[in-house]
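Here are my notes for your first look at this structure. Keep the viewer open and follow the points one at a time.

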Amino acid sequence: MAGTKLFPCEPTHSLSFRHSFSIAPPRLVSYPGRLSLEYAKLSRLPVVAMAAKRSPKRLKYSAPRLSKVDDLFYVEVDPSGTENWKLEPLIELLNQGAVGVIPTDTVYAIVCHFKSHSAIDRLRRIKNIEPSKPLSILCRSLRDIDTYTTGFPHGGGQGHVNIFRAAKHCLPGPYTFILTASKKLPKQCVRYGTTTAKYTARKNVGVRMPDDAICQAILEKMDAPLISTSVKRPKENEWMIDPVVIADIYGQEGLDFVVDSGVRVVDPSTVVDMTRASLKIVRLGKGPKLQWMVTGEDDGSAASADKLIASAT
């Protein structure tokens with residue numbers, strides 16, 4: 001990895017993980033075999049000790065310059081968004097093909113650049129996601145949703161709710177909307193597989209616009225949406241809500257960075273399938289059920305949408 005560009009779509013940059021960033025003097029902490037920016041709360045270590053097999057060691061020393069050599073960046077930021085300057089090096093890494101963990105308004109998400117095929121492959125490998133499993137996208141604005149999907153359905157008059165207007169009032173917010181993908185969505189997002197395996201076409205995609213200051217600050221600096229999948233404990237259907245534990249476990253799998261804005265509550269987004277004539281809530285989460293959202297079992301829509309729930313944050 002060292003000395004090579006991870007994301008070649010911007011040839012004017014030559015950033016690699018051996019490149020040094022000049023930022024305000026941070027303190028570094030050494031995980032076993034890892035380097036990270038140290039802003040973490042020591043009071044959380046007893047919790048980590050119970051939640052993980054090993055606790056990260058925190059050896060502090062002064063370092064006015066920061067470099068990354070096959071190691072994990074760990075940055076703690078204030079959830080209010082007042083320390084967004086700390087995110088700049090990580091945004092550059094994302095643009096070059098890094099895979100990292102960021103907060104959303106629900107649970108933490110593993111993300112990478114929307115247009116980097118190699119980063120998407122790495123994300124799948126880190127989380128051990130099968131090629132046939134879909135991924136969601138974190139959108140910067142409603143324009144992204146309009147570009148990469150066919151958009152929200154519109155009401156047909158005669159008292160029907162205009163779904164587009166209703167959905168706009170939910171965003172940004174804790175909802176994942178499953179929409180029909182447009183032709184502009186990269187093939188990597190609608191077809192899943194590898195060069196040695198047959199690709200499987202998929203017409204739908206889950207989209208999110210989180211109402212989180214840190215997540216929004218990162219998205220605003222990106223030139224495209226972010227591919228996203230929720231952070232769960234390996235081999236278990238259980239969300240991971242402590243970023244220190246996430247770094248401890250997924251750092252060993254090749255994760256490049258973790259942005260820590262505090263321990264979260266297990267409260268994922270509400271998933272709404274909007275690809276059918278009858279809109280269905282297929283997972284009721286943090287986002288409240290609104291009048292135009294329908295609950296209930298529908299073998300057709302629920303079966304299709306259920307495949308997206310695993311990746312929805």
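Which residues form one aromatic cluster? Keep that question in mind, as point 2 answers it.

1. Some ground rules come first. This is a predicted model, in which local features need pLDDT of at least 70 and side-chain atom pairs count only at pLDDT 80 or more, while totals for chains, interfaces and linings use all residues. Residues are numbered from 1 along each chain as its sequence is written, and side-chain values use heavy atoms, with hydrogens and water left out.

2. Now the aromatic rings. Phe152, Phe164, Tyr175, Phe177 and Trp292 make up one aromatic cluster. The structure has five aromatic pairs. Rings of Phe, Tyr and Trp (its six-membered ring) pair if their centres lie within 6.5 Å; planes under 30 degrees apart are stacked, those over 60 are edge-to-face, and the rest are tilted. Phe152 and Phe177 are an edge-to-face pair, with 5.4 Å between centres and 90° between planes. This pair links distant parts of the chain, 25 residues apart: Phe152 sits in the loop between α4 (142-148) and α5 (163-168), and Phe177 in strand β10 (residues 175-180). Helices (H or I, at least four residues) and strands (E, at least two) are DSSP runs, numbered from the N terminus. Both Phe152 and Phe177 are buried, where buried means under 20% relative accessible area, exposed over 50%, and partly exposed in between (1.4 Å probe, protein chains only).

3. Stay with β10 for a moment. Five of its six residues are buried, so β10 is largely enclosed by the rest of the structure. Two strands count as paired if DSSP finds at least two bridges between them. β10 runs parallel to strand β16 (residues 270-273), with four bridges joining them, and Thr176 has Val271 as its bridge partner there. With strand β13 (residues 204-208), β10 also has four bridges, but here the strands run antiparallel; Ile178 stands opposite Gly206.

4. Next, look at strand β6 (residues 73-76). Phe73 and Val75 point one way while Tyr74 and Glu76 point the other way, yet all are buried. β6 pairs with strand β15 (residues 257-260) in the parallel sense over four bridges, and Glu76 is partnered with Asp260.

5. Which side chain does Asp256 join through a polar contact of 3.0 Å? The partner is the side chain of Arg122. A polar contact is a pair of N or O atoms within 3.5 Å; within protein, one must be able to donate a hydrogen and the other to accept it, and residues adjacent in sequence count only if both atoms are side-chain atoms. Asp256 is found in the loop between α8 (243-250) and β15, and it counts as buried because its relative accessibility is 2%.

6. Helix α2 (residues 88-95) is mostly covered, with six of its eight residues buried. Among them are Leu90, Ile91 and Leu93. Just after α2, Gly97 has a positive phi of about 110°.

7. Lys232 lies over the face of Trp239, 4.1 Å from the ring centre, and Arg264 lies over the face of Tyr108, at 5.3 Å. A charge sits over a ring if NZ of Lys or CZ of Arg is within 6 Å of the ring centre and within 35 degrees of the ring normal.
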